[in-house]
Structure formats: structure tokens, C-alpha cells
Amino acid sequence: GWSSREEQLLLDAIEQFGFGNWEDMAAHVGASRTPQEVMEHYVSMYIHGNLGKACIPDTIPNRVTDHTCPSGGPLSPSLTTPLPPLDISVAEQQQLGYMPLRDDYEIEYDQDAETLISGLSVNYDDDDVEIELKRAHVDMYVRKLKERQRRKNIARDYNLVPAFLGKDKKDKEKAPKRKITKEEKELRVKLRPLYQFMSCKEFEDFFENMHKERILRAKIRELQRYRRNGITKMEESAEYEAARHKREKRKENKNIASSKRGKEEGKEGEFAAIENLPGFELLSDREKVLCSSLNLSPARYVTVKTIIIKDHLQKRQGIPSKSRLPSYLDKVLKKRILNFLTESGWISRDAS
């Protein structure tokens, strides 16, 4: 039996702590009552009993709801469907800041979202404007929670966490698929914005269908080419391809032979513009090519080269250089000559 004092304390506790906080209610009623006894007594007497039938008839839509259960109100755990915890080691959990029992991270998307409702409180003297303002804050918070969960679902669906940890490479090695070309990789990068609108399976099917479409279009172009060349049967296409391959091979060999002859003939006239100038015999083959490409006389090149190397050696010995480069040497020529001397090992990269 419950005494009238305990009944009064129970009603005060349900008003103060709310339905579902049975431990706090039991502590308020007294140490003689357990949370289970408090819950059973309140449910049997004030909800399903005569008092409940009289005070909460079926015609009233706003029945008492336990907001702590998964199917509760807008701030209940049913707002976001919990995902199974990630199958990762303890060290990886610490690296990610991941808490598996809550399926949360130490730093979530929009980390300060809870500040919208952290200071809210329902007061009995609030007017309609204040109540609507607080409801708007709750609605904004719910939207942020949904966006946070949406991003988690995308990361879980596309295995972004294993990709971050480098586990996806091992899985690819275990289950090899067709080799993806460079063009397909670039196309996949361009299509990444579609991830937020499609599931992983839908996106993979979409990408494979695009690959099939590309193959079919190439096959159609090939058949149209056969038709233009008068081929109407697939048996004739093999003979045609073999003949075409032979023609292209002969043409390629002819081009190689002509290019070799051109190089041999061009070697003699390659340095015709500078070979009769003074200082030509002092240049190496690479320096001859450089002077010919820069349209620079060998004597001028040797002068610039001597000044640059001299300044470099003085700087290495700690002596300030006072040499001035000739006026005909502009910035482009100076940069080309410096790069050449650096690549050839005459001066170090720091000096250049």
C-alpha cells in the first residue's frame, strides 16, 4: 500500500522531473520505494487505472508520451537512426576521436550546434512570441542534427573512414575488378558532387552504365567505319583490320626512316649560323645547341659564362662580387644560361 504522503510526493515528482525519470522520482518519494515500484504504481494507477481513464480519455489526442523511448518526440533518440559502430581498432579510434558506443566523434560537423538550445528553458509566463522563438531554435537544431547524420551516412556508405585509414587499398587487392583508366578516374572525380544524392550502389551502377555506353559508342563508330569501307560482314572485318595494320606499319617505318635521314642531314647544317663565328670550337655540343637556340654568338656566351662562374666562386669564398653583366644580356637570356649552367653542374642551385 501507498500512503497519502507518498502519493502526494509521487505527484510532485512527476511534475518536477517529468515522465520517465523514475530514479529521481523514487529518490523524491523516499528510500523505501524503488524506481521499478514507482513506475509500476504510476502506470497502473494514473494511466491505466481509473484515474487514468477519467483524466486521459481516448478522445484526447495528446496522450502521455515517454520521450525517453526510441519512438518519442522531436528530441528523442529516434531523430537519427543509429548506425552500427565502426569496425576499427582502439588506436584508430583514438586517431579519429571516435566513440563507438555513441557512434560520435569528439569534433562533429557544426560543433557548436548545441548552443542553439543549451540555454533554452520553458517558463509559464512566456508569451506567444517567446514560445515561437524557442520553437524556431529547436527546429534549427533539429535541422543541424539531420545534416550531421546525413554526412555520417554518406561517409559510412562510401567507406570514407577506411579510405582515410588506408584500409580500402587492402580490400581492393583482395577483390580485384577491371582496371580503371586515367580518363575514368578523372570522370569519377568530376562526378563526386553526386555522392550526396545517390547511394554508393546507385553511383557504382551509374558509373558502370556510363562505361558500357562509352564502349557501345566506340563499337558503333567502328561498325560505321566498316560500312563506309564497304564491309558488310564481320568475317570480312578481320581481313580488313589485318591489311590496315600492315599499311600503318609500313607508313610508320617510312616515317622513321625519313626522320633519321633528316636528322643526319640536319646535323651538318644545325649550327650553320654560328659555326663560322669566333669561339665556336671552344663550345661543347650542348653549348652549341644552347647558343644556336638563343641566337647568341659563342664569344658572347663564353664572356657571360666566365663572369657568372667567377661571381659564383667569389661568393663561395665570401668575397663580394662587383662584376657587371653585359648590356646585351636581358632577363630571359640570363635565366636560360643560369639554368643551363646549373643543370651542367658549373654552379650550385643556391647560387642560381
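Asp126 lies in the loop between strand S2 (104-105) and helix H6 (128-157). Helices (H or I, at least four residues) and strands (E, at least two) are DSSP runs, numbered from the N terminus. This is a predicted model, in which local features need pLDDT of at least 70, side-chain atom pairs count only at pLDDT 80 or more, and totals for chains, interfaces and linings use all residues. Residues are numbered from 1 along each chain as its sequence is written, and side-chain values use heavy atoms, with hydrogens and water left out.

Asp126 is buried, at a relative accessible area of 14%. Buried means under 20% relative accessible area, exposed over 50%, and partly exposed in between (1.4 Å probe, protein chains only).

Its side chain has these polar partners. A polar contact is a pair of N or O atoms within 3.5 Å; within protein, one must be able to donate a hydrogen and the other to accept it, and residues adjacent in sequence count only if both atoms are side-chain atoms.

| Asp126 side chain to | Distance |
|---|---|
| Asn123, backbone nitrogen | 3.1 Å |
| Lys134, side chain | 2.7 Å |

Setting aside neighbours within four places in sequence, Asp126 is in contact (heavy atoms within 4.5 Å) with Ser121, Ile131 and Lys134.

Next, backbone angles. Most residues other than glycine have a negative phi. Asp110 has a positive phi, near 55°. Asp110 sits in the loop between S2 and H6 and is partly exposed at 27% relative accessibility. Asn159 also has a positive phi, near 55°. Asn159 belongs to the loop between H6 and helix H7 (160-165). Its relative accessibility is 44%, so Asn159 counts as partly exposed.
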